[in-house]
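Student: I would like to go through this structure and test each label against its cut-off. Can we start?

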Amino acid sequence: MSTLSEQLLHRIRDAHKRREMTWWERTYLPAIAQGLWLTSRHFWRNLFLHIAHRVGLFRDVPAAVTIQYPDQQRQMAPRLRTRHRLTKRADGTPRCVACMMCETVCPARCIYIVAGEHPDPNVEKVPKSFDIDLGKCVYCGYCVEACPEDAIRMDTQRHDIAAYSRDGMWLDIKELLNPGSKQFGEPPEKFVQLPPPPSR
Amino acid sequence: MPEPKYISLTVDGKTVTVPEGTTVLQACEKAQSPVPFYCYHPGLSIAGNCRICLVEIAGTPKLQIACYTRAAEGMVVNTTSDNTLNGRRDVLEFLLINHPLDCPVCDQAGECWLQDYYMQHGLYDPKFDEQKIKKPKAVPIGPTVMLDAERCILCSRCVRFTDEISKTGEFGIFNRGDHSEIGVHPGKTLDNKYSGNVVDICPVGALTDRDFRFKCRVWYLGSTNSVCPGCSRGCNTQIHYNRERDWRPHIANGERVMRLKPRYNPDVNQWWMCDEGRYGYHFIDENRLTQVQFRRNGAVQQKPWEEGLELIAGTLKQLRDAKALDQAGVILSSHMTNENLYASRKFFTTLGVKQLVFQRPKSGSSDTFLIQADKSPNARGAQALGIAEGAEALLDLAAKKALRVLFVFVQDLTELFGPSRVQEAARQLELLVFVGTNMNPTSQLAHVALPSAVYAEQDGTFTNFEGRVQRINAALTPWGEAKPEWQVFSELADKLNLGLAFADPQTIFTELAKTEKPFQGLSYQLISDQGALLKK
Ligand code: SF4
Ligand code: SF4
Ligand code: SF4
Ligand code: SF4
Ligand code: FES
């Protein structure tokens with residue numbers, strides 16, 4: 001009798017195994033027919049419903065709409081966790097005091113802060129650099145929860161990250177203070193350079 | 001000495017027996033009912049001003065401070081009664097009246113006694129509603145220490161330290177009432193040789209270390225017990241390193257060691273260490289030899305270990321076959337551990353090399369408290385192993401072409417004997433081997449330089465000037481391709497078929513304790529973390 005963990009492991013492995021297809025299936029004819037059926041069902045349903053809505057019928061049955069992304073953006077709930085930004089003081093400097101709470105709590109360990117001296121001793125500490133590796137971020141929002149200064153928020157309403165490399169997915173302090181200023185095609189401008197795995 | 005009289009008292013229902021003259025606080029500690037304290041420090045006089053150590057003593061109407069009250073026969077102490085706990089809470093509220101609560105920017109956060117006790121006894125709904133008094137913040141009061149007077153709880157530990165231990169008297173508490181303020185006397189700076197200790201004893205973030213400032217959050221630190229290699233006192237230390245370096249390589253530009261802290265040892269350094277030792281750790285991560293280097297006619301080549309060892313073994317073999325081992329010399333260093341000294345001595349004597357000496361670094365300043373003139377940790381150990389001292393004769397021999405091969409360990413000889421003499425020797429030698437941790441002018445003269453592990457990357461023992469054998473532990477793994485010296489000799493011995501092998505420092509020490517008279521009876525277990533004396 002195998003143990004529970006072994007059984008689980010087998011099930012996970014089996015899930016990856018493909019079933020042999022029958023001859024009839026390998027002609028792909030049933031799959032094509034199925035696909036056509038599904039698409040045309042949606043087509044006719046939406047055609048009917050949109051015409052009906054025009055004449056004031058079936059107003060409570062929703063029909064599909066198309067958003068012309070990226071020219072047109074979808075309205076998002078304000079509480080949705082989207083890309084990060086750093087809030088500013090009245091004088092434009094970051095509110096962040098480089099306390100490293102977010103860096104510490106981040107489960108993906110994708111925040112990298114280097115602290116520096118602030119000229120005003122009543123503020124004292126300020127980030128010299130603040131990088132977030134969006135390629136690793138899991139959008140959990142813990143960083144926002146942990147911040148004692150309300151310095152980091154996830155309310156930019158931006159959620160697109162497309163870049164030509166993993167390095168291109170880093171947000172630096174300039175982008176975080178002015179969300180949307182970074183062109184993702186740009187070469188990465190990282191303060192923190194991750195070295196090859198350390199030899200320790 | 002007359003036998004001290006013993007008395008018994010009851011702490012939280014537990015009876016403890018202590019010598020007469022013990023304070024209630026110490027008795028409570030012995031009864032394992034610890035009492036919180038700020039101003040009390042076992043190494044300083046008692047001030048009794050912070051009032052956090054309040055306890056209830058049966059028969060006295062008011063709460064008493066445990067740090068100043070003497071324990072008496074039959075005393076009944078309660079450290080957990082509602083009265084006591086309310087007292088502590090009220091004291092904490094007072095201490096925090098003018099406190100800025102800037103934990104997010106405070107380097108002490110995470111090891112702050114205010115935070116710790118507030119977690120246990122805090123009044124989470126404070127009643128204070130007035131304006132806080134403003135005081136100076138982020139004032140560099142000396143080369144090593146940053147003062148934030150707002151965070152100070154006026155425990156006067158730092159004042160007592162500079163009055164009683166360093167005897168330099170820089171600190172004072174100025175003004176009265178809630179305008180009282182810690183500071184250095186006008187026109188003074190805190191620049192004595194022991195200034196860093198005030199950071200350790202300040203229970204809050206009022207005094208912080210400028211070297212450590214903003215470098216690393218304390219909760220990223222790992223800690224390993226070690227011994228300071230800065231002088232032959234061998235102050236007991238903890239190496240605090242960035243334990244999260246693998247995924248937080250941006251901290252302090254990837255350096256590994258963040259700071260050193262003294263560790264209590266009543267027979268060596270008590271609670272203290274000097275600034276030279278405290279800030280003398282940068283060589284661990286800077287300017288290291290990371291790879292085997294070959295140097296011929298000024299051109300440097302990085303080579304794998306195998307080639308370096310082959311070359312050295314080949315040359316030694318030639319000498320052995322030509323019965324010319326008297327033309328080889330070895331200059332060990334008092335920076336090496338007992339284990340490494342023993343292993344290298346054994347290797348060379350088994351091979352037949354007779355000219356084996358050790359060399360100390362240039363001596364420096366000393367004082368009557370901790371600092372010793374010998375700036376290396378293990379000269380006494382080298383003496384106890386019967387190794388002769390002084391490299392000068394060997395250098396002269398080399399310059400006279402009487403030597404063909406010379407091994408130099410760790411130390412920079414140019415600093416000691418002047419660059420021209422070492423250059424001359426290097427020119428006349430067939431092979432100058434440098435085995436060391438850091439690059440220096442001598443390593444740059446060597447034909448072969450082998451990278452070795454620093455003390456923070458090795459297990460082993462140092463013998464301090466009093467003959468106390470003390471353990472060091474590896475906090476880090478060797479940097480780059482560096483190896484501990486004993487391992488290098490193990491591999492060389494293998495290539496020369498000497499029938500020697502060293503397994504690890506502990507086995508080497510066991511062997512050493514068997515064969516070397518002064519070390520007899522010692523073992524790692526016995527040495528433990530407080531050290532043990534050599535046989536007289
Ligand atoms: S959202 Fe979560 S994963 Fe992303 S940076 Fe914040 S804490 Fe890290
Ligand atoms: S938690 Fe807030 S203040 Fe602290 S480092 Fe992160 S963003 Fe800055
Ligand atoms: S001294 Fe302690 S309580 Fe005060 S700000 Fe620093 S960490 Fe916080
Ligand atoms: S600076 Fe620190 S050690 Fe000195 S009195 Fe204030 S709290 Fe105590
Ligand atoms: S520790 Fe007792 S009064 Fe401060």
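Student: Why is B:Lys137 called buried?

Tutor: This is a predicted model, and every value here is computed from it. B:Lys137 has a relative accessible area of 9%. Buried means under 20%. So B:Lys137 counts as buried.

Student: Where does B:Lys137 lie, and which residues does B:Lys137 touch?

Tutor: B:Lys137 lies in the loop between α3 (113–121) and β6 (139–140) of chain B. Leaving out residues up to four places away in sequence, B:Lys137 touches A:Pro121, A:Asn122 and A:Glu124 in chain A. In chain B, B:Lys137 touches B:Pro100, B:Asp102, B:Leu147, B:Asp148, B:Glu150 and B:Arg151. A contact here needs heavy atoms within 4.5 Å.

Student: Why does B:Gln270 count as partly exposed?

Tutor: The relative accessibility of B:Gln270 is 29%.

Student: Where is B:Gln270 placed, and what is B:Gln270 in contact with?

Tutor: B:Gln270 sits in the loop between β13 (257–262) and α6 (275–278) of chain B. Setting aside neighbours within four places in sequence, the contacts are B:Arg263, B:Tyr264, B:Asn265 and B:Phe369. B:Lys5 is 265 residues from B:Gln270 in sequence and 26 Å from it in space, C-alpha to C-alpha.

Student: What makes strand β14 of chain B largely enclosed?

Tutor: β14(B) covers residues 292–296. Four of its five residues are buried, so β14(B) is largely enclosed by the rest of the structure.

Student: How do you know that β14(B) pairs with β15(B) and with β21(B)?

Tutor: Pairing needs at least two bridges. Five bridges join β14(B) to β15(B), residues 299–303. Two bridges join β14(B) to β21(B), residues 448–451. Both counts meet the cut-off, so both pairs qualify. β14(B) runs antiparallel to β15(B), and antiparallel to β21(B) as well.

Student: Which residues stand opposite each other there?

Tutor: B:Phe294 has B:Gln301 in β15(B) as its bridge partner. B:Gln293 stands opposite B:Ala449 in β21(B). The hairpin of β14(B) and β15(B) has two residues between the strands, and B:Asn297 takes a positive phi near 50 degrees.

Student: What is the strand order in the open sheet of five strands in chain B?

Tutor: The order is β2-β1-β5-β3-β4, with mixed pairing.

Student: Why do β2 and β4 of chain B stand at the edges?

Tutor: β2 (14–19) and β4 (64–65) each have a single partner strand, so one side of each is left without a neighbour in the sheet. β1(B), residues 6–11, pairs with β2(B) in the antiparallel sense over six bridges. In that pair, B:Val11 stands opposite B:Lys14.

Student: How do you know that the span of helix α3 of chain A agrees with its length?

Tutor: α3(A) has 26 residues, 29–54. At 1.5 Å a residue it should span 38 Å, and its end C-alpha atoms are 38 Å apart, which agrees. The expected value uses one less than the number of residues.

Student: Which residues of α3(A) are buried, and what follows the helix?

Tutor: A:Asn46, A:Leu49, A:Ala52 and A:His53 are the buried ones. A:Gly56 follows α3(A), with a positive phi near 85 degrees.

Student: What makes up the shells around ligand 2 and ligand 3?

Tutor: The shell around ligand 2 has 13 nonpolar residues, no polar and one charged. Of its 14 residues, A:Cys96, A:Cys99, A:Met100, A:Cys102 and A:Cys147 come nearest. Cys counts as nonpolar here. The shell around ligand 3 divides into six nonpolar, three polar and two charged. Its residues include B:Cys103, B:Cys106 and B:Cys112, and also B:Asp102 and B:Arg151.

Student: How many residues does each chain have, and what share is buried?

Tutor: Chain B has 536 residues, and 58% count as buried. Chain A has 200 residues, and 30% count as buried. Chain B has 15 helices and 24 strands. Chain A has six helices and five strands.

Note on methods. Residues numbered from 1 in each chain as written. Chains lettered and ligands numbered in written order. Predicted model: local features only at pLDDT ≥ 70, side-chain atom pairs only at ≥ 80, totals over all residues. Heavy atoms only, no water. Near = heavy atom within 4 Å. Buried < 20%, exposed > 50% of the residue type's maximum accessible area, 1.4 Å probe, protein only.
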